[in-house]
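Open the model in your viewer and get ready to select residues. We will go stop by stop.

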Amino acid sequence: MRKRVITLASALLVGFSANAQKVEFEEYDLNNGMHVILHQDNSAPVVTVAVMYHVGSKDEETGKTGMAHFYEHLLFTGTKNIGRGEWNKIEAANGGTGNANTNWDRTYYYETFPSNNLQLGLWMESERLLHPIIDQKAVDTQNEVVKEEKRQRMDNAPYGKIIYGDVYNHIFDKHNYGRPMIGYIKDLDAATLAEFQDFYNKWYMPNNAVLVVAGDFEKASTKKMIKDYFEPIPARTLAKRVKVVEPERTQEKRVKEYDSNIQLPAILLAHKTPSMKERDAKVLDVISTILSNGKSSRLFKKLVDDKKKALQVFSFARTLEDYSVYNIGAIPLGETSLDDLIKEMDEEIEKLQTELISDRDLQKVRNKFENQFVASNSSIQGIANSLARNYMLVGDTNQINKELEVINSITKEEIRDVAKKYLAKNRRVVIEYLPKKK
């Protein structure tokens, strides 16, 4: 008989069955305050172990930026029981993969293994929390890694400041969302080893984290392993966060940014918008889809197809815990001026603010969001991420099962009213993104 071989990559996709519109999960707390979420799916022999820590770049102190993102790299160095530089080798030797990412609100680490290596994944994540190597050699090594990442993704990437949020300083005057997520390299260069260690001790603790296990496992034995590996890690007193209130903008602001990696300018209409917890943030996602998602979207059809005034148009929201950011932009084609693009974009925004969209457009949006929902939860890695994010930043793990319900309940009137409220000209920052001579 020919054996059936399931690769890790294919198994990740198999793990989301066609009828799994509802994601089943169980959640509970360990005695040390660590929150645990279990999503059992035995359809493919893979399992993801993920830990999200409630710390991001917004939690950094002035003059000590970059620490949150730095730890995304530093905590792959090794631990008391995992040799320096051995982390990725252990993953690969056991058929696994892993990575981490950071934003302004949280830091997220995950591994995916064949399900018979679940215990290894749990042990590695407990080691990361309990016994990390944080010494001068690790700091010096990762400092160079962070600098190279900044050069590749931001300094030398076309339109990198827009993509990675380095223009948010024009949107936020008080809130730390105005700082670059990666921080300032000068702060990392000046930081002492004791300051790096202090940051870890301040934020990396079980009572500031959520552990997710998703995929092929047996609950009783998994709960025992979680208890054995994570509950002995002591809780600590969590620093009190001070909520910074960003004043509402009452007058349009116009600024210029320069990028030596581009030949064509761009125009960006940037807005501070509500927290990801609020319903209006979902309505703005719908508005973004109407304006620029796909070739039949309003801005693309008008500026790219019909009038041929833009090479590209875009609008996107970056939803965050305290506030969000919503951008509408375009890259001109030919002799089109940036002011002309603003005029054309404003016409489409005003239509949304004054006219109700059609039944057909509303249904098209709902269809797109259903496709996005299925895609985002088409792997156990995606489900693990969604569960952790919804618990930690939205405050409701079951939001994963409410997304489509919310989207499908959004009315034409809401779309009009939200566009009128948040896309008003006096609330926005107009950013001229211009080529800079090298």
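Select Lys186 and Tyr184. In this predicted model, the charged end of Lys186 sits over the ring of Tyr184, 6.0 Å from the ring's centre. Next, pick Lys243 and Tyr323. Here the charged end of Lys243 lies over the Tyr323 ring, at 5.6 Å from its centre.

Stay with rings. How many aromatic pairs does the structure hold? There are 16. Now select Tyr53, Tyr71, Phe76, Trp87, Tyr109, Phe199, Tyr200 and Tyr204. Together they form one aromatic cluster.

Move on to empty space. A probe the size of a water molecule, rolled over the atoms, shows where such space is left.

Select Lys282, Asp285, Ala317, Thr319 and Arg389. Among the 36 residues that line the largest pocket, these lie nearest its centre. The volume of this pocket is about 1,100 Å³. Colour α10 (279–292), β9 (310–318), α13 (359–376), α14 (380–394) and α15 (403–409): each gives two or more residues to the lining. Which element gives the most? It is α14, with 7 residues. By type, the lining of the largest pocket has 16 polar, 11 nonpolar and 9 charged residues.

Last stop: the second largest pocket, with about 420 Å³ of space. Select Glu72, Asn101, Thr102, Glu149 and Arg153. Of the 21 lining residues, these are the closest to the centre of the second largest pocket. Then show α2 (67–74), β4 (97–102) and α5 (136–155), which each supply at least two residues of that lining. The lining of the second largest pocket divides into 9 nonpolar, 7 polar and 5 charged residues.

Key
Residues numbered from 1 in each chain as written. Predicted model: local features only at pLDDT ≥ 70, side-chain atom pairs only at ≥ 80, totals over all residues. Heavy atoms only, no water. 1 Å grid on protein atoms, 1.4 Å probe; cavity = no way out; pocket = protein on both sides within 12 Å on 5 of 7 lines; lining within 4 Å. Points joined across faces, edges and corners; volume = space filled by probe spheres on them. Helix = DSSP H or I, 4+ residues; strand = E, 2+ residues; numbered from the N terminus. Nonpolar A, V, L, I, M, F, W, Y, C, P; charged D, E, K, R; others polar. Phe/Tyr/Trp six-rings, centres within 6.5 Å; stacked < 30°, edge-to-face > 60°. Lys NZ or Arg CZ within 6 Å of the ring centre and 35° of its normal.
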